[in-house]
Amino acid sequence: MYKIKVCDHDAKSAEMTTVHGTIQTPVFMNVATDAAIKGGVTSEDLEQIGTQVMLCNTYHLKLMPGDRYVYRMGGLHEFTSWNKPILTDSGGFQVFSLSKTRKISEEGVKFKSHLDGRALFMGPKESMRIQSHLGSTIAMAFDECPSAKAERSYVEA
């Protein structure tokens, strides 16, 4: 459930209730790319500083340790010992950041792993399957992050 609490012109504050807790917006999400915050920060540390949401990266978790492994471990909440909301991105940013090795089609994107160079494919179905295996609270739709230098017609398409 999403409930707007305060509006002031174009700004607003809201509350989003999820199965893993309520999020007050606007919100800062701590980034746990590989299901861990860098620097040895624990779930307890995040709790103490008032973290509401952890953001994990679908692409990186697919590669290592693997979404099926995380699934067998009970999902990201069990894997990370975090009981609050977890947002997983779609993997779409890697379409941008790995642009030198990608080939985009209507079905999705073929590119090479930044770890070992193996061929990978990700499209909307694959992204949703991976995020489902991860057991995230909030799954993002697969998207493309076009270059800031992209032609207007490309961005509109």
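Which residues make a nonpolar surface patch of about 250 Å²? Ile104, Tyr154 and Val155 make this patch. The views below come from a predicted model, in which local features need pLDDT of at least 70, side-chain atom pairs count only at pLDDT 80 or more, and totals for chains, interfaces and linings use all residues. Residues are numbered from 1 along each chain as its sequence is written, and side-chain values use heavy atoms, with hydrogens and water left out.

**View 1. The nonpolar surface patch of Ile104, Tyr154 and Val155.** Patches are made of residues with over 30% relative accessible area and no salt bridge; like charges are joined within 9 Å, and nonpolar side chains (Val, Leu, Ile, Met, Phe, Trp, Tyr) within 5 Å. Accessible areas come from the Shrake-Rupley method with a 1.4 Å probe, and for residues only the protein chains shown count as cover. Val155 lies in helix 7, which spans residues 152-156. Helices (H or I, at least four residues) and strands (E, at least two) are DSSP runs, numbered from the N terminus. Valine 155 has a relative accessible area of 48%, so this residue is classed as partly exposed. Buried means under 20% relative accessible area, exposed means over 50%, and partly exposed lies in between (1.4 Å probe, protein chains only).

**View 2. An open sheet of three strands in the order 1-2-3.** The pairing in this sheet is antiparallel. Strand 1 (2-8) and strand 3 (21-25) are the edge strands, each pairing on one side only. From one strand to the next, the twist averages 10 degrees; axes are lines fitted to C-alpha atoms, for helices over the stretch in contact, and angles run from 0 to 180 degrees between N-to-C directions. Two strands pair if DSSP finds at least two bridges between them.

**View 3. Strand 2 and its two partners.** Six bridges link strand 1 and strand 2 in the antiparallel sense, and five link strand 2 (residues 11-18) and strand 3, also in the antiparallel sense. Alanine 14 of strand 2 is the bridge partner of isoleucine 4, and alanine 14 also stands opposite threonine 25 in strand 3. Threonine 17 stands opposite threonine 22 in strand 3. The hairpin of strand 1 and strand 2 has two residues between the strands, and histidine 9 there takes a positive phi near 60 degrees. Another hairpin joins strand 2 to strand 3 through two residues.

**View 4. The salt bridge of glutamate 156 and arginine 152.** A salt bridge is a side-chain nitrogen of Lys or Arg within 4 Å of a carboxyl oxygen of Asp or Glu. The structure holds five of them. In this one, the N to O distance is 2.8 Å. Glutamate 156 and arginine 152 are four residues apart in helix 7, and are therefore separated by about one helical turn. Both glutamate 156 and arginine 152 are exposed.

**View 5. The salt bridge of lysine 62 and aspartate 67.** The side chains meet at 3.6 Å, N to O. Lysine 62 is partly exposed, at 28% relative accessibility, whereas aspartate 67 is buried, at 2%.

**View 6. The salt bridge of aspartate 116 and arginine 118.** The N to O distance is 3.3 Å. Aspartate 116 is exposed, with 52% relative accessibility, and arginine 118 is partly exposed, with a relative accessible area of 42%.
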